[in-house]
Amino acid sequence: MISIKIMVKKIIKDIFVKEKKIKPLDEELKMAESSGKKILLKLVMLIIAVILVGGFGAVIVGKISSAVIKITPRQEFMDTDSKLKASRLQQGENAAPDMPDGSRGERAKSDNPVFEIMQLEKEEARAVVATGVAADGKKASGQIVVYNNYSSANQLLIANTRFEAPDGKVYRIKERINVPGMGSKEVTVYADQPGEEYNMGLVDFTIPGLKGGLRYGKVYARSKTEMKGGASGNVRIMKEEDIEKIKKELVEKIKNDLIKSLAQQKPDGYLVYKDAVRIEYQYDPNNPKTGDASGSSLFKVKGMATGFLMEKNNLSKSLVNDNAKKFEKTANIYVANLEDLEFDLLSADSENKNINFKIKGNARFVWGVDTGRLMDDLISHKGGNYEKVFQNYPDIKKAEIIIKPSWWPRVPKNKAKIKVEEIINVK
């Protein structure tokens with residue numbers, strides 16, 4: 001074909017073109033053949049170069065590519081009302097480990113819920129402003145300690161028993177008390193009359209009612225606090241509602257702060273329900289009392305919290321088992337919204353080793369997926385249709401693969417380049 005074209009070209013040149021030097025036909029044929037070989041060689045070299053560049057580029061893209069696999073597992077909301085018993089982890093024991101490779105297919109060795117104990121303290125104080133008015137003055141009061149050095153038997157002192165100071169001023173107790181044998185008893189006394197003159201420092205007291213008997217001088221009292229608050233005429237006094245308002249506010253603040261601190265300091269894998277916290281409150285004995293005469297005085301409260309920290313994996317498994325009749329199988333199922341459920345602490349033993357509790361609410365049961373195995377299957381899958389892989393996981397309701405760069409067709413071979421995101425529906 002090339003020879004015919006050359007001959008036609010040569011004839012045309014001979015007829016229409018006048019050249020000074022005309023090359024022989026065989027020389028023209030050789031030159032054309034040489035030119036064809038050069039073009040063929042360049043074409044082959046270009047193809048090889050494209051293959052090499054493409055292969056090298058594929059390796060580079062394979063190295064830098066990444067994938068995000070978004071899966072929506074099967075999940076159902078079901079009402080639960082479970083009564084369970086949990087045991088405290090002893091020293092040296094471990095709770096259920098975290099699931100490998102993000103998989104929730106393996107659960108704790110024990111199906112029973114377990115808990116840990118955390119204890120915190122907090123103290124708060126706030127001024128109580130006296131808003132009441134006493135027109136007939138105010139009686140001073142204070143704390144005394146009554147001693148029984150007379151007998152090993154208890155000594156009964158009736159209500160309104162008088163205690164006399166060295167200057168003759170008399171103070172009384174409002175209720176009867178029993179002073180332990182060869183022991184002591186702390187009690188509040190009130191001045192016999194209103195007035196500033198009954199305010200005094202620390203002194204010893206005798207009991208006039210015992211004068212003339214063997215107990216006199218051996219059953220006596222000493223001040224623990226100063227006598228104060230005595231006043232004449234119209235005076236400001238503490239009203240019960242003023243004190244109760246401050247007390248309620250302090251207790252609420254301490255409770256909220258302790259629960260918040262427990263939640264912040266709890267170890268990973270545990271949760272703290274607000275109703276799984278027991279708080280004991282101590283009130284300062286010198287706190288203002290109803291009827292005290294004062295412009296303002298500090299009311300102090302100390303809270304001591306014991307938090308029962310529930311281990312999530314065991315609690316989830318226990319709830320699944322307690323609702324097992326609702327499922328065809330319980331393997332791989334877990335509760336995704338433990339924090340949203342209501343916890344009611346029913347009882348705890350004296351050493352806080354075992355507790356009984358109730359947990360109820362609209363639980364979100366989720367069918368877990370072994371994401372480690374899923375990544376292996378996606379990596380080893382040949383071809384671009386990954387939908388076939390997801391069809392082997394009936395507990396996956398919906399799946400999406402996002403590969404970067406977007407035009408790259410395959411997931412990376414390196415698991416570290418693959419991220420699995422589990423999408424949990426809110427409702």
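How many salt bridges does the count come to in this structure? The count comes to 19 salt bridges, where a salt bridge is a side-chain nitrogen of Lys or Arg within 4 Å of a carboxyl oxygen of Asp or Glu. The model you have open is predicted, so local features need pLDDT of at least 70 and side-chain atom pairs count only at pLDDT 80 or more, while totals for chains, interfaces and linings use all residues. Residues are numbered from 1 along each chain as its sequence is written, and side-chain values use heavy atoms, with hydrogens and water left out.

**First stop: K312 and E339**

Select K312 and E339, whose salt bridge has its closest N and O atoms 3.3 Å apart. K312 lies in helix α4 (residues 312-322), whereas E339 sits in the loop between β17 (333-335) and β18 (342-348), so the pair ties together parts that are 27 residues apart in sequence. The helices (H or I, at least four residues) and strands (E, at least two) on this tour are DSSP runs, numbered from the N terminus. K312 is partly exposed at 28% relative accessibility, and E339 is partly exposed at 48%; on this scale buried means under 20% relative accessible area, exposed means over 50%, and partly exposed lies in between (1.4 Å probe, protein chains only).

K122 counts as partly exposed at 26% relative accessibility, whereas E124 is buried, with a relative accessible area of 16%.

Now select E241 and K239, whose side chains meet in a salt bridge at 3.2 Å from N to O. E241 is partly exposed at 46% relative accessibility, and K239 is also partly exposed, with a relative accessible area of 29%.

**Last stop: strand β12**

Is strand β12 (residues 219-223) mostly covered or mostly uncovered? Strand β12 is mostly covered, since 4 of its 5 residues are buried. Strand β5 (residues 139-148) pairs with β12 in the antiparallel sense over 5 bridges, and two strands pair if DSSP finds at least two bridges between them. To see this pairing, select Y147, which stands opposite Y220 in β12.
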